[in-house]
Amino acid sequence: MSAIPLLVCDDSNMARKQLIRALPANWPFRITQATNGLEGLEAIRQGHGQIVLLDLTMPELDGFGVLARLREEGLSAEVIVVSGDVQEEAVRRAKALGARAFLKKPADPMQLAEALNSLGVDVPLAPAPAAQDDIYRPLPNVSFRDAFREVSNVAMGRAADLLGRVLGVFIKLPIPNVNILEVGELHMALADAQRDERLSAICQGYIGGGIAGEALLIFHDSEIDDVAKLLNTQRDESAQLEMQLDLASIIIGACLNGLSEQLNITLSQGHPLVLGQHCPIEDLIRINQRRWKRTLAVEISYGLENLDIHFDLLLLFTEDSVPKLRERLDYMID
């Protein structure tokens, strides 16, 4: 059987490695990899993507854009979307643009095989003892930062699904930023989120499996009234504070649960606390600079489609948590 050109299009080395490993071992795919939508389109134009495994959240051109361009250019490709964005609207839009199937990350090998079968590709569902000689499956190298960004991406998507259901809107997802930050760098990251506005923030601690940290959800005061309108919340300060605490519980809880599930740990969460109300960024830093001297930070900014509303989420892991996280991620990578 001749090799089938298959394109894996995802900006994450970790995600591409997981997908390539999840492919049925005894099927002759000739695999090409792309790290963004523009690279993916060019690979398809060159004949490297009879079948495409496509992420939605990517730089340069996202998965929705790739699907739209495939249709505009009349390019032939059987697309299976594999994404951390599991919102019902994301699934609907992807399929409306021509995706043949939609799988949530990380892809289950059995579900991937079934999706391939649905394309008319007769992939045996039972694993083969060894790959055939004509299968070429290069695996990318995966760094700690890339691996942690990918598990954060999956957790972020699950939180967005819950948030979207509560607010009744489609949540636009970013690519998470993952960095080891000193307190001065953290100050700069928070200052960038502030945009010369006053902020309110909810903080929630978490601990478990040798991992500890704090989640910080930042609200921009100018947007709180708009969020309250979406939820039909009263406009007095007490009701709006309760609203912020409820949203923090949803977003932070779903994100941490997503991380716990992937890393196979249990993270116990503390009670959400009001860190600051209507205060400038310098006050948030001053209050917490002892706890945040050096931290592994995940920065996520959720945006609400067609609305000038976003939530900035920071997951701040203690420096002592990094070795345990490396251990867990190394197990997933290898």
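Here is a short tour of this predicted model, from its sheet to one residue and on to the helices.

Five strands make up an open sheet, ordered 2-1-3-4-5, with parallel pairing. Strand 2 and strand 5 (101–104) are the edges, each pairing on one side only. Going from one strand to the next, the twist averages 20°.

Now select residues 4–9, which is strand 1, and residues 29–34, which is strand 2. These two run parallel and are joined by six bridges. To spot one of the pairs, pick V8, whose bridge partner in strand 3 is L53.

Time to zoom in on R30, in strand 2. Opposite R30 stands P5. Beyond its neighbours within four places in sequence, R30 touches A3, I4, P5, L6 and G47. Try the distance tool on A3 and R30: they are 27 residues apart in sequence, yet their C-alphas sit 5.5 Å apart.

Next, pick helix 5 (residues 109–118), which lies across strands 2, 3, 4 and 5 and runs at about 175° to strand 5.

Last stop: helix 9, residues 237–263. Its 27 residues reach 38 Å from first C-alpha to last, close to the expected 39 Å. Just past helix 9, click N264, which has a positive phi of about 60°.

Technical notes:
Residues are numbered from 1 along each chain as its sequence is written. This is a predicted model: local features need pLDDT of at least 70, side-chain atom pairs count only at pLDDT 80 or more; totals for chains, interfaces and linings use all residues. Side-chain values use heavy atoms; hydrogens and water are left out. Helices (H or I, at least four residues) and strands (E, at least two) are DSSP runs, numbered from the N terminus. The expected span of a helix is 1.5 Å times one less than its number of residues. Contact means heavy atoms within 4.5 Å. Two strands pair if DSSP finds at least two bridges between them. Axes are lines fitted to C-alpha atoms, for helices over the stretch in contact, and angles run from 0 to 180 degrees between N-to-C directions.
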